[in-house]
Amino acid sequence: MIELSVIDLALAASLVLLLALVSMRLQSGISHQLLIAAVRTAVQLTLIGLVLKVIFESASLGWVTLLSVVMLLIAGREVMARQERRFTGWWGYAVGTFSMFLSSFAVTVFALIVILGEDPWYTPQYAIPLLGMLLGNTMNGISIAMDRLTHAAWEQRQVIEARLMLGERWDEAIADYRQQAIRSGMIPIINAMAAAGIVSLPGMMTGQILAGAPPVEAVKYQILIMFLIAAGTGLGTLAAVTIGSKHLFDERQRLCLDRLRQP
Amino acid sequence: MSKASPLLEIKQLRRLMVGPVTLSVDAGDCLCISGPSGGGKSLLLRSIADLDPHEGSAWLDGKPATDILPQTWRVQVGMLPPESAWWLPRVRDHFRNGVEVALEHIGLQDAIMDQPVMRLSSGEKQRLALMRLLSNRPRVLLLDEPTANLDPENTQRVESVIAEYRRAHKAAIIWVSHDMAQIERVANRYYELAHGELHSRNIEGQQ
């Protein structure tokens, strides 16, 4: 494995700087954001690198749990922020966070105990990256699906209420939009699996190969990750959309759009 | 329940600026409501159909609404909203219970059932929405301006289809209308909704 020096990274950074300069000349208005994002990447990743170093060395269940919870809470915030018409109050945060907890944690623990079988099972080198990848992808799926669901409920309220007026149950009245929401949450991972290796070389695998791992081993890990992500995203999306669509109706099966935030 | 209980009874219903409304409707009644727009007529109908949260209580045939499943209540107390909604490609797909009244009575041909909803005119949709509602055989009809935007001929057809349904099924009808002449033609009771309250009014030309 080729160790990277600070100068190597500075050279890569100069490319970003160059890009920023060019876009400033073209007045695209994006160079400011670009530089801030680049700085954030450097700072955030350096910090997490240090945190991981400490946690890997301590290898205690307490630290792993703490970091996992922090990651979950931040991902939950991200899911909430990406929905234009999210639920008001703590529901807006809880639906996504709970669904991510349910799916990402369950899938990660399953992979750690049943598949990888490290001793102890929470060995941070495996637990943290796995959970991170699962959370990152589940987060996408859930926020896309919930955004779609709440938008549909708002825009198609006439249809949903017309179906209620004709005597349909709440779950029949929203069935079409629930289905669309689930589909849109799962499409990205399905596409990623379908294109993997042909159109794109997945980042994790590429990283492992760059770090010196034999390609076949890297590929096996990538397949494992893809399957775990698919299961996690699917489960999380199903959970969020199921809970969310139920919460769009009250106990008398009325469509409660006042539970959605006005953008 | 005893035969004395009215078909639909509403007590102390309140929703936003509407209410308290207390009302009882017998089988075969046709009760018209008029009032300024934005005065809450639609809100009142929506609350009776239990589409909006509201205060107060309601009974159907002496049975409290809380003892009736919401989806059953909405079949029995069927509401026709001012604008119809369609969600499947063809007209027929929306008629799960077949057609209750022959379409020709409302000035439509049977072939319209196989048409894509996209090709319907707004007047056709309005009349088909009424037919769709009737195919559920509701015992109480909540009609929110069912003939708005229809020409006189079709207005007359809609009125006679509703009258026929009311007679054949001993249905009760709560009908929101702006048209005094129509109210005189169809209603046996007439109320004005003003400042959130229902005021009983005499119908011109009736005692």
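Predicted model: local features only at pLDDT ≥ 70, side-chain atom pairs only at ≥ 80, totals over all residues.
## Around Ala145(A)

Leaving aside residues up to four places away in sequence, Ala145(A) touches Ala181(A), Ile182(A), Ser184(A), Gly185(A), Thr237(A), Ala240(A) and Val241(A).

Ala145(A) also stands out in the largest nonpolar core, which has 102 residues. Ala145(A) is one of the residues that touch the most other members.

## Two helices of chain A

Two packed helices are described by the angle between their axes and the distance between the axes. Take helix H2 (residues 31-58) of chain A and helix H5 (residues 124-155) of chain A. Their axes come within 9 Å. They cross at roughly 140°. That angle makes H2(A) oblique to H5(A).

Which residues of H2(A) meet H5(A)? They are Leu52(A), Ile55(A) and Phe56(A). On the H5(A) side stand Pro124(A), Gln125(A) and Ile128(A). By class, the contact of H2(A) with H5(A) has five nonpolar residues, one polar and no charged.

## Chain A as a whole

Chain A has 10 helices and zero strands. From the N terminus on, its elements run α-α-α-α-α-α-α-α-α-α. The C-alpha atoms of chain A fill a box of roughly 70 × 55 × 40 Å along the principal axes.

Chain A holds 263 residues, and buried residues make up 33% of them. Now consider the contacts in chain A with a separation of 6 or more. Residues 24 or more positions apart account for 73% of these.

## Chain B as a whole

Chain B has five helices and 10 strands. Its radius of gyration is 17 Å, close to the 17 Å that the globule rule gives for 207 residues, so chain B is as compact as a globular protein of that length. Along the principal axes, the C-alpha atoms of chain B fill a box of roughly 45 × 40 × 35 Å.

How much of chain B counts as buried? The share is 40% of its 207 residues. Among contacts in chain B with a separation of 6 or more, 71% come from residues 24 or more positions apart.

## Gly19(B), one residue in detail

Gly19(B) sits in strand E2 (residues 18-25) of chain B. Is Gly19(B) buried or exposed? Gly19(B) counts as buried, because it has 21 C-beta neighbours inside 10 Å and the cut-off for a buried residue is 20 or more.

Leaving aside residues up to four places away in sequence, Gly19(B) touches Leu13(B), Arg14(B), Gly56(B) and Gly196(B). Arg201(B) lies 182 residues from Gly19(B) along the chain. The C-alpha atoms of these two residues are separated by 17 Å.

## Where the chains touch

The contact between the chains takes 18 residues from chain B and 15 residues from chain A. On the chain B side, two elements give two or more residues: helix H2 (70-76) and strand E6 (77-80) of chain B. H2(B) gives the most, with four residues.

What classes of residue make up the side of chain B that touches chain A? There are nine nonpolar, four polar and five charged residues.

How values were computed. Residues numbered from 1 in each chain as written. Chains lettered and ligands numbered in written order. Contact = placed C-beta atoms within 7 Å. Nonpolar A, V, L, I, M, F, W, Y, C, P; charged D, E, K, R; others polar. Rg over C-alpha atoms; globule rule 2.2 N^0.38 Å. Buried ≥ 20, exposed ≤ 12 C-beta atoms within 10 Å, placed from the backbone. Axes fitted to C-alpha atoms, helices over the stretch in contact; angles between N-to-C directions. Parallel < 35°, antiparallel > 145°, perpendicular 65-115°, else oblique. Core = buried A, V, L, I, M, F, W, Y, C linked by C-beta atoms within 7 Å.
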